[in-house]
Amino acid sequence: MPDVPPLSDPFGSLHPRHVWVYAGFWFRALAWTIDAFILSVLGAIMRLLLSPSLTVTLTNGGSASDKYQISDIVRISDVIRDVPVDYSYSYSGFHPTWHGNGLYETLQLLLPALYYILFESSRLQGTPGKRACHMRVADLHGQRIGIGRATLRYFGHFLSVLTLGLGFLMVVWTRRKQTLHDLLAGTCVIRRQEEALVSFTPPA
């Protein structure tokens with residue numbers, strides 16, 4: 001390629017173009033890590049606003065002095081005091097107490113489901129983690145999926161977990177780099193990448 005002036009564009013009017021490819025394992029793992037962090041922050045905010053409906057009391061020997069709630073032990077740890085040794089090893093009583101309406105527990109279950117289903121079926125076609133990695137969830141024709149298919153895909157994750165993670169590793173050898181839940185829902189994950197267009201005059 002002949003010399004070009006500094007700070008000039010050696011490709012003239014030619015610029016990289018975008019192509020869509022099937023997303024591989026590591027890009028999807030990175031997107032999952034980002035989404036997991038976002039969900040953990042949302043969960044922490046929820047814990048500040050709502051109180052759990054279930055309290056678990058552990059007792060050892062039946063005496064009042066040996067009776068603690070898990071929340072008490074957490075508070076003791078927060079101020080760097082000694083946690084009772086017996087709760088590090090054994091206890092003789094386990095007493096769950098339900099004292100609320102279950103709103104906190106219900107929201108804890110709904111939060112990740114709504115997060116994935118609504119984002120992946122929206123115009124964004126992906127969660128914030130996937131979008132940060134330039135990825136989208138699509139059907140096998142590259143089109144946006146609906147709420148029904150996004151729901152099936154989300155609950156299909158649990159089958160991937162029940163296979164001891166094998167369902168997630170299927171992305172390595174399937175033709176469209178699909179996981180088990182992708183195959184069940186008829187979806188795939190695509191990623192935008194730049195493909196450079198190079199123009200030059202070969203040497204004579």
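Five residues of helix α6 are buried: Ala150, Arg153, Tyr154, Gly156 and Ser160. Buried means under 20% relative accessible area, with a 1.4 Å probe and protein chains only. Helices here are DSSP runs of H or I with at least four residues, strands are runs of E with at least two, and both are numbered from the N terminus.

This is a predicted model, so local features need pLDDT of at least 70 and side-chain atom pairs count only at pLDDT 80 or more, while totals for chains, interfaces and linings use all residues. Residues are numbered from 1 along each chain as its sequence is written, and side-chain values use heavy atoms, with hydrogens and water left out.

Helix α6 covers residues 147-162, 16 residues in total. Its first and last C-alpha atoms lie 24 Å apart, close to the expected 22 Å. That expected span is 1.5 Å times one less than the number of residues. Just after α6, Leu164 has a positive phi of about 60°.

Serine 160 belongs to this helix. Its relative accessibility is 0%, so it counts as buried. What does its side chain meet? A polar contact of 2.9 Å links it to the side chain of histidine 181. Such a contact is a pair of N or O atoms within 3.5 Å; within protein, one must be able to donate a hydrogen and the other to accept it, and residues adjacent in sequence count only if both atoms are side-chain atoms. Beyond its neighbours within four places in sequence, serine 160 is in contact (heavy atoms within 4.5 Å) with residues including Gly165, Phe168 and Leu180.

**The largest nonpolar core**

A nonpolar core is a set of buried Ala, Val, Leu, Ile, Met, Phe, Trp, Tyr and Cys residues joined through side-chain atoms within 4.5 Å. The largest one has 14 residues. Tyr116, Ile117, Met135, Tyr154 and Val189 touch the most other members. Two or more residues each come from α1 (25-49), α4 (103-121), β5 (135-139) and α6. Helix α4 gives the largest share, four residues.

**Annotated regions**

An unreviewed UniProt entry lists two stretches as "transmembrane region". Positions follow the numbering used here, feature names are shortened, and annotations may be inferred rather than shown by experiment.

**Cysteines**

Cysteine 133 is buried at 7% relative accessible area. Cysteine 188 is buried too, at 3%. The count of disulfides (pairs of cysteine sulfur atoms within 2.5 Å) is zero.

Notes: Buried means under 20% relative accessible area, exposed over 50%, partly exposed in between (1.4 Å probe, protein chains only).
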